[in-house]
Structures are given as structure tokens and as C-alpha cells.
Amino acid sequence: MAPFLLEKTLKHWTDYWCSKEISCLPGKANEELNNLINSQWKLFGTRFCESDGLAILDLACGSGMVSHILADTLKYDAYFNCLDAGKVSFSLPQRHKLNLLSEFIINEKSQLEKKFDLIVSNFGAEYIKENDILEFISNHINSDGYIALNLHYEQSIITETSKQVSNAISAWTSNQRLQSLENKLNTNFSIADAKSYIDILLQLNIQNAEVANSGLASDIVNMMSSYQKGSLDKLEFDSIRNTYINYQNRLNQQIESATNAARLISEIKISPYFEVITLEQLTISEQNISTFIIFKPAINI
């Protein structure tokens with residue numbers, strides 16, 4: 001994640017990875033999306049990861065999705081170096097070596113001690129300024145190495161859904177009637193006020209179905225039900241509010257990163273230091289998901 005975004009939302013990403021969640025996308029889209037991306041990375045592992053003892057760098061690794069896929073796909077042992085600006089923690093099969101670089105920020109001064117045979121990133125490189133990430137890659141890829149990036153796309157279903165979910169969360173957080181009811185329910189819980197709260201949520205959902213798809217409505221209903229049954233000592237509106245504001249911050253940063261990704265791809269394509277091998281749009285039911293690019297250092301440099 002880039003410093004110009006990092007200062008605003010780094011804690012939110014740290015909380016996200018610590019929660020062991022997989023995607024910012026809600027609902028059934030997760031499973032189909034992850035299956036598609038898993039298949040793409042497995043294919044990459046089969047095509048480009050045949051050598052023994054490969055040194056692999058996973059940029060903005062998060063929960064280590066790509067490293068896990070490659071670790072399971074590779075025929076031979078590898079040395080994984082996984083870095084992220086947030087606090088991250090995970091393990092890989094013991095036959096592979098793992099060097100986890102948590103809270104590592106990539107900028108114009110960032111340096112590691114070695115170079116790598118493969119540099120990979122899944123929805124991560126585009127969170128970093130394009131000049132910083134390209135210089136970092138150039139400084140850390142072996143002359144015969146490969147780079148593979150799966151990047152957010154401005155017109156993808158992910159970006160569009162993220163915008164809708166973000167708008168839905170804004171509609172909830174800015175609703176004065178809901179905030180007034182939260183105060184009343186915290187002071188003196190009543191079934192009538194709880195019903196009024198849920199009725200307003202239903203109306204918001206009619207205007208924007210992502211209120212329900214985000215999980216917000218079910219979280220609130222479950223909380224009220226648990227409190228009414230006595231399994232909660234107090235209502236947790238503040239906790240839910242903080243959770244979904246964090247969620248919205250990640251979504252908004254994700255939306256912004258898609259614009260960064262377009263610039264990053266343009267820079268890679270025109271750079272004399274790189275040679276693009278493949279550039280393709282990943283799609284589900286003819287809807288764009290992401291841009292997958294594989295490139296390598298230019299031979300003539």
C-alpha cells in the first residue's frame with residue numbers, strides 16, 4: 001500500500017488481515033471470484049515455476065493467498081519472501097522456506113538484500129505509487145526472472161460492487177433517524193424501537209440492495225436478537241459501526257487503486273526496461289474481474 005493512502009487506512013488493513021477474511025466482496029461473488037483467481041495463479045505456477053529452489057517475492061501479500069497457491073502447486077521447494085505494509089501472519093507447508101516481512105512499506109527508498117526469480121502480487125501492487133513499485137521491481141528481479149500481477153480494473157464488477165457497498169454504508173452511517181434510535185435503544189431497549197430501526201434498514205435496502213449484501217442488516221438483527229435473549233450484556237452499535245466504517249475505508253481505497261492500476265499497466269507497457277509476455281482481462285459471465293499481466297526484464301537492457 002502506498003504512503004499517500006497508507007496513512008489513512010493502514011490500521012484498517014491490519015485489522016482486516018488479522019480477521020483472516022479473504023475478500024472485500026460480499027456474498028456469493030467471493031466463491032466464484034476466488035475460484036477464478038486461484039485457477040489463474042495455479043496456471044502461472046505450472047508455466048513459470050518449474051525450477052528447483054526458486055526465490056519468490058509476494059508483494060502486498062495480505063493473508064498470503066498467492067504464496068499458498070504457488071506453495072501447493074510447485075513441484076520443487078521454494079524460498080518465499082512475503083511482505084505487506086500491514087501486520088500479517090501466516091505459514092506455508094514446511095518443505096518451503098518462508099521469510100515474512102510484516103509492516104514493510106514500499107517507497108523510493110525501499111530495499112531488500114537479494115533479488116528474486118519471481119515477483120508476484122494479487123490485488124496489491126496497484127496500492128503503491130506506480131513509480132515506486134516499478135523501481136522496486138526493477139531493483140529486485142533477476143535478469144531472467146518473471147513478474148506476475150493481478151490488478152484491480154476500473155470497470156470491473158469488483159469496482160462497481162465496491163462503489164455500491166460503500167454508498168450503502170454511507171446511507172446507513174449518515175441516517176439521523178437510525179442514530180437517534182441507536183441512542184434510545186442503548187438507553188432503554190424496546191421492541192417497538194428495534195422494529196422501527198429494522199424497518200428503516202429495510203427501506204434503505206430497497207434503495208440500495210447492498211445494505212443487505214454487505215452483511216450489515218443481518219449483523220444488526222442478530223445483535224438485537226442476542227441482546228433480547230440475554231446472550232449479550234449490551235448492544236454493540238458502536239462496534240458494528242466501527243467495523244463497517246473500516247470496511248468502507250478499505251472499499252474506497254480499493255476503488256482508488258483501480259485507477260492506479262490503469263496507470264501502472266500503461267507504464268509497464270511503455271517502459272524500455274520490461275517486456276510484456278501476456279496481458280489479459282479475467283472475466284466471469286462476460287463481466288470483467290481484473291487485469292492479469294505477466295512481464296519480465298527486457299533483454300536489451
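This is a predicted model: local features need pLDDT of at least 70, side-chain atom pairs count only at pLDDT 80 or more; totals for chains, interfaces and linings use all residues.
Helix α7, spanning residues 191–207, contains 17 residues and extends 25 Å from its first C-alpha to its last, a value close to the 24 Å expected at 1.5 Å a residue. Within α7, the residues D193, A194, Y197, I200, L201 and L204 are buried. These residues cover an arc of only 125° around the axis, and they therefore lie on the same side of α7. An α-helix has 3.6 residues a turn, so residues three or four places apart point the same way. The buried residues of α7 pack against α5 (157–173), α6 (176–187), α8 (210–213), α9 (216–229) and α10 (237–270), whereas the exposed residues A192, K195 and I206 are carried on the face of α7 turned away from its buried side.

One of the helices against which α7 packs, α5, includes T159. The relative accessible area of T159 is 4%, which is under 20%, and T159 is therefore buried. When neighbours within four places in sequence are left aside, T159 is in contact with Y153, E154, I255 and A258.

Among the strands, β7 is largely enclosed by the rest of the structure, because eight of its eleven residues are buried. Strand β7 runs antiparallel to β5 (residues 141–152), to which it is joined by six bridges, and in this pairing I147 stands opposite F295 of β7. Strand β7 also runs antiparallel to β6, here through ten bridges, with F292 in β7 as the bridge partner of E280. The strands β6 and β7 form a hairpin with two residues between them, and S285 in the turn has a positive phi of about 50°.

The largest nonpolar core comprises 31 residues, of which W41, F44, C49, I56, F80 and V120 touch the most other members. At least two residues of this core are supplied by each of α2 (29–48), β1 (54–58), α3 (65–73), β2 (78–84), β4 (116–122), β6 (274–284) and β7 (287–297). Apart from this core lies another, made up of 26 residues, including I133, I141, L264 and I265.

Note on methods. Residues are numbered from 1 along each chain as its sequence is written. Side-chain values use heavy atoms; hydrogens and water are left out. A nonpolar core is a set of buried Ala, Val, Leu, Ile, Met, Phe, Trp, Tyr and Cys residues joined through side-chain atoms within 4.5 Å. Buried means under 20% relative accessible area, exposed over 50%, partly exposed in between (1.4 Å probe, protein chains only). Helices (H or I, at least four residues) and strands (E, at least two) are DSSP runs, numbered from the N terminus. Two strands pair if DSSP finds at least two bridges between them. The expected span of a helix is 1.5 Å times one less than its number of residues. The arc is that of the directions from the helix axis to the C-beta atoms. Contact means heavy atoms within 4.5 Å.
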